[in-house]
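Good morning, and thank you for coming.

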Amino acid sequence: MEEIQIPPYFICPISLEMMKDPVTISTGITYDRENIEKWIFSAKNNTCPVTKQSLITGIELTPNVTLRRFIQSWCTINASHGIERFPTPKPPVSKPQIIKLLKEAKSPKMQMKSLKTLRSIASENDANKRCMESAGAMEFLASIINNNNSNEVFEEEEEGFMSTKHEALSILYQLKLSEQGLKSLIMSGNGEFIQSLTRVMQHGSYESRAYAVMLMKDMFEISTPTLVLSLKQEFFTQVVQVLRDEISQKATKASLQVLVHACPFGRNRVKAAEEGTIRVLVDLLLDSSEKRVCELMLILLDQLCQSAEGRAELLNHPGGLAIVSKKILRVSKVGSERAIKILHSISKFSSTPSVVQEMLSLGVVAKLCLVLQVDCGSKSKERAREILKFHAKAWSNSPCIPNNLLSSYPF
């Protein structure tokens, strides 16, 4: 059978496949809608992939109807060669349509139906998400979540209908808001939205709590110190509870990221430690093997162990020192660095005779000697050497360490 050559101007410059919904951007280059939307909205690029020209002045995706009809006609003509004609793509939603839906959603009788329609629209493509954000969907959805109606019960499902607050929260997370949108949420109502998400985590279903902490993670990535320093104790209570409940891998990772963003500050470390975060982290580390999750746990443990309360909690856990030592050279370079840093904090500020002896009996000292012999970064080696130097006298004659191992290194 003769090979059919697809005309080059039918090919999307990004995917190098035939376009189904060609759109032209401001630089005059035509792309398949799905590919250029991913490039601009998901990957957050602001340049034309072909010309590298900036698109900051405005992102307009103009349907190239003439080219699309040419492609469809060509597919029909070549149907005998196995070329399938694709259907005419559904046009993206318009701003007036969204505004109309938002007005309808203000009516209690129409609210759930309108929210379900908005959810469906948001799921179609990134352009719809950006259109919804620009039409005011974010503000409307946030107002539903902020509505502190004590009579409303967060149920995943009640008589066949999901809670309006849960539905609004799931749509808001699904929108993948722009940085400006996230900043607006943070600034609105003097931190009111964070308090609303905290209430969701306190009273909501597992799914609602997962959406709440994942949305928080997006917000904290661009948050200011002012927001982080204003966090209340209840916030830490609920985020740690999500972590403890292990709702999902995504929720666990988001909880860890939120706490990592919150705990560079001393007062927040104390609040987190008071909620039993250390015990939860150690218990999770015992069973966790996923690289990034382990790294986040060790980063958070390191932050918390910079406070006396955090170090005390780690030492009070029967497996605290053991699991931290075990993760050295088993997770990643980042994981090893953080684990050694934790041991350094313990050794420097909390090293009672019993702790020094426990480090020896658990094999922590032997692991530190191993660190000095492998390639794991100069900073890690320096900290390992300092720990060994702190307690060289107590450990030098121990049968747990091979002869002359400690004496082999100039402390």
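Which residues does T252 touch, not counting residues up to four places away in sequence? T252 touches L243 and E246, where contact means heavy atoms within 4.5 Å.

Residues are numbered from 1 along each chain as its sequence is written, and side-chain values use heavy atoms, with hydrogens and water left out.

The predictor's confidence in each residue is pLDDT, from 0 to 100. The protein chain averages 88, and 92% of the residues score at least 70. Over residues 150–162, however, pLDDT stays under 50. Where pLDDT is low, the predicted coordinates should not be read in detail.

Let me return to T252, which is found in helix α13; helices are DSSP runs (H or I, at least four residues), numbered from the N terminus. With a relative accessibility of 7%, T252 counts as buried; buried means under 20% relative accessible area, exposed over 50%, and partly exposed in between (1.4 Å probe, protein chains only). Its contact E246 lies in the loop between α12 (233–245) and α13. E246 is exposed, at 52%, and has a positive phi of about 50° although it is not a glycine. Most residues other than glycine have a negative phi.

Helix α13 (residues 249–262) also meets helix α10 (residues 206–220): their axes, lines fitted to C-alpha atoms over the stretch in contact, come within 8 Å and cross at roughly 40°. Among the residues making the contact are M214 and F220 of α10 and A254 and V258 of α13. The residues of this contact divide into nine nonpolar, three polar and two charged; Ala, Val, Leu, Ile, Met, Phe, Trp, Tyr, Cys and Pro count as nonpolar, Asp, Glu, Lys and Arg as charged, and the others, Gly among them, as polar.

Finally, I turn to helix α6 (residues 137–146). Eight of its ten residues are buried, so α6 is largely enclosed by the rest of the structure. The buried residues include F140, L141 and I144, and what covers the buried residues of α6 includes α3 (95–105) and α9 (192–203).

Definitions and conventions: Predicted model: local features only at pLDDT ≥ 70, side-chain atom pairs only at ≥ 80, totals over all residues. Helix = DSSP H or I, 4+ residues; strand = E, 2+ residues; numbered from the N terminus. Axes fitted to C-alpha atoms, helices over the stretch in contact; angles between N-to-C directions.
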